Amino acid sequence: MITQIVTFLIFFAVIGCILYGRRLIKTEKVDAVFGNPERALGGTHWIIVGSSFLLLIWLYYSWDIAKGFYPKSANELCQVAKVNDSLLGLKYQFPIEEREFKSTSQIKKENKNLRIIQNEIQNSEKLNNQQKTILISFISKTNQLIPLLTNEDLIENVTKQKINDITGKINLLTENFQKPDYPFETEQELSQRLRAVDEEGGWGITKVDAGSGSIENTLEVPLVPATERGVKFHAAAKELNLISDEFFKLRNHNPQFKNRIKELKNEIKSYRKDLSDNEEIASTYAKNIVKIARRIEFASIYPPNALDNMQAAIIKFENAQKNAQGGLRFIDMFLFPAGTIVASGPSCSEQGSGRWLPKPSDTLNKFILMSKPSVGYKDIPLLWIQMVDVSKMIGFILPDWIADILPGEYPVHTKDGIVKQNFKGGVLKIVTGDFNLFKVPVPYGHIWDSFLRVFLGLIFGILIGVPLGLFMGLNRFAKGFFDPLIELYRPVPPLAWAPLIISVLGIDNTGKVFLLFMVSLSIMIISARAGASGTQLSKIHAAHSLGASKKQILRYVIFPNSLPEILTGIRVAVGMCWGTLVAAEFLAGTTGIGFVENVAKKYFQYEVIWITIFIMGLLGLLFDITLRKIINKTIPWRGKG
Amino acid sequence: MSDLISQNLNMIFKTPKGDTVHALKDLNFTLKKGELLTVLGPSGCGKTTLLNITAGFIRPTSGSITLNDKEIDGPGVERGMVFQQGALFEWLTVAENVNFGLRMKKEDPIETQKKVDEWLEIVGLKGFGNTPTYQLSGGMQQRVALARCLINDPDLILMDEPLGALDALTREKMQSLVLKIWKETGKTIILITHSVEEALLLGERLYVMAPRPGRIHKEYNLPFASMGLKEDLREIKKNKDFSQKREEILEMIWNMEEEIMGKEN
């Protein structure tokens, strides 16, 4: 429903914007000369057109338009695909979609194999002449098997009869298939089927596991035929499977062939038995020749015209089923671009762009579902609030050794089994957070975890990097002393550190925050250093003659003067940290957006993958916009004066 | 008592290549309280070095320079400095720039505010207190720089080509302002300039310096500054004596420049 509305809206928006754009060009007052940069200004209407096209391409290639306008089409195409799947084996016997008969191509293939072995044997230096003669006689005997299969006169009547039977069955199916009430479903069967359809659900439905509350995979394509047309194909596919099985059980073995191949096998068997251990090569060649003989035995090789009737019957059925598809063929052609629904065995799946490009409507549904704190992902919500007692935070912040260094002893239980609290014990309770104050809401969840890691890594990087960078910009010792350290680790891609740091500091927050700290530290040091060393000497001189002390110059002149560089550094660092974090969460972890994507990848949950991509993009954008706002507010003088 | 006395001042720099540059050689002069000295000379004659030594930013190689009988051995509030580009703190407003020195000394904020208002009025920036400095024009920025320096009540004001980057009209206005301030406050001022006209107009005394080694080539005592307090500056420029001196000094500097070029070739 939403998809339909959106599709129409997009069409109207695009048409409206193009008309508006044309009118604007006509009425425009600006100097309309090519190369005038002013002509690139404005153009909100083109932004609408651009995003509409993007959305349209997404809707189209994810087959969401097909789903929106023809929700049953996937199910019907699944039934059609089942027929195609059942017919595949039979069709491949004939030059319908292939270039030649299966028999022809198999004869060609085995002849070629025999020639190759013959060449190898003749040129082999490890075989003596006697061995060569015997092996080549085996080859010619194998070769002589083929005419026994392809000779029309030798084919047995029983086999002919069976081929006729199968052809008749196909023709009967074609006839029935074209009847409107095929497959002659009873009332009971009908109601049973419809119930199954209801139970299965529609195309792309996401279910939540009632037990664990977690998201299950989306139902890709419903299997049970839901429409009358679908049932026809479903039933035909079932029958075709039986016919196909019958055909492939059939062997074109006449008594002459049977005798010959038996002889050959026995001959080779006894030859190999008599060979001694050091004649292994001859034995291997003999074995390979037997293998080819066996392949010829089990291949469905028939005389050239023996299956003509069957071929005609199959083509007739093909035409009938194509006619029965009707409009579905055009839906398949135009609304299922870059792929289609494919059946393999009993199951159907989307193959092509619809598979890896999730439908916007499905993605939205899944996102709404995942946003619910009760569902979330892997039992953790994306972003939610939980009530945490303030005491826990106090206990987390205060180190436990505060209680240890106090004078006195911790309380010891008395002989009555009572523990009497004393001052030192009381302090321990406070520093470990073992008390109740009041509860405050604290955010948690995958998004919050990722955000917090970036934030903490960045804050630590700034707190240490900025003073150190300023110091390095002003002091030769500091610059020389710390430069090797920084230049040693900075050029290494941050992710190269990740496995080491994660294995030393653990997969939880500590490792990741430290990794991000490393990333932001070098950036902050370099930007603060550039800021400090870029201070104009006259400004420092001025501050000196105005009576400022060293500390004051640092605080009131050098630091504000470096702010543009520092803030730009922060902006760069945020981008780097964000990129590194997601990759680090891929490597290891139990929460975070990157973790979600990694797990979704394992279960082929394409919608979830795209949701995480969107969330990451939006968060990155949010960081950047916030920082840009801060930069504009804090350093309005940048680039001026 | 409150004189600036320079005795045998020598300044020798070493270039990274190992050459030595004699920036100042045996500089001896005395500047009395309330005098306005302008220093003129071709580039490389040690004008700025002299100013930097006086400000205390660099130490002389030998000799001594004293202000009020106190050896100058570092920057100090008693010697205010005005730079060519103003060297304003662009992250601060006009008022914050002006009161910078007082804030560093942690003086009473109400008292400071009063002084700031006073000085902004003197330099003609009344009502601009909350304007960010990066929005000011070049002339206005120099006014802020002047006020910022003067609010500290220094004994000696050092000006390093303060009007060099200004357009002609603004420059004239600022020249009047410098004279006005000189008269009203009675401060000792050393002003370095490239412009012969400016040096003649503003200087009660004028040193023409010569390069390699940097030294005082010629010294003038001039009446034009005192005249400028009463008369229009443009009228003084038409003065015959003025144009004669201007030509003489221009000739002198021209010759020095030619000598340098000759040496290099």
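**Hairpin in chain B.** I began with β1(B) and β2(B), which form a hairpin with five residues between them. In the turn, G18(B) has a positive phi of about 105 degrees. A reminder to myself that this is a predicted model.

I checked how the two strands run: β1 (residues 4–14) and β2 (residues 20–31) of chain B pair antiparallel, over eight bridges. I picked I12(B) and looked for its bridge partner in β2(B), which is H22(B).

Next I followed β1(B) to another neighbour. Strand β4 (residues 62–67) of chain B also pairs with β1(B) in the antiparallel sense, here over five bridges. Across from L4(B) I found L67(B) in β4(B).

**Cores.** Which residues touch the most other members of the largest nonpolar core? I got L516(A), C577(A), V98(B), V144(B) and A147(B), out of 132 residues in that core. Helix α25 (residues 550–587) of chain A gives the most to this core, with 14 residues. I also noted a second, separate core of 51 residues, which includes V83(A), I261(A), I292(A) and I301(A).

I went back to V98(B) and asked what it touches, leaving out residues up to four places away in sequence. The list is V116(B), W119(B), L120(B), V144(B), A147(B), R148(B) and I151(B).

**Where the chains meet.** I looked at the contact, which takes 22 residues from chain B and 17 from chain A. On the chain B side, β6 (79–82) and α3 (100–104) are the elements that give two or more residues. Sorted by class, that side has 13 nonpolar, five polar and four charged residues.

Most residues other than glycine have a negative phi, and most peptide bonds are trans, so I went after exceptions.

W63(A) has a positive phi of about 65 degrees without being a glycine. I found W63(A) in the loop between α2 (44–61) and α3 (64–69) of chain A. Buried or exposed, I wondered about W63(A)? It counts as buried because it has 28 C-beta neighbours inside 10 Å, and the cut-off is 20 or more.

F604(A) is another non-glycine with a positive phi, of about 55 degrees. It is in the loop between α26 (593–602) and α27 (606–634) of chain A. With 13 other C-beta atoms within 10 Å, F604(A) is partly exposed.

Last entry: the peptide bond from Y182(A) to P183(A) is cis, with omega near 10 degrees. I placed P183(A) in the loop between α8 (157–177) and α9 (187–200) of chain A.

How values were computed: Residues numbered from 1 in each chain as written. Chains lettered and ligands numbered in written order. Predicted model: local features only at pLDDT ≥ 70, side-chain atom pairs only at ≥ 80, totals over all residues. Core = buried A, V, L, I, M, F, W, Y, C linked by C-beta atoms within 7 Å. Buried ≥ 20, exposed ≤ 12 C-beta atoms within 10 Å, placed from the backbone. Helix = DSSP H or I, 4+ residues; strand = E, 2+ residues; numbered from the N terminus. Contact = placed C-beta atoms within 7 Å. Nonpolar A, V, L, I, M, F, W, Y, C, P; charged D, E, K, R; others polar. Pairing = 2+ DSSP bridges.
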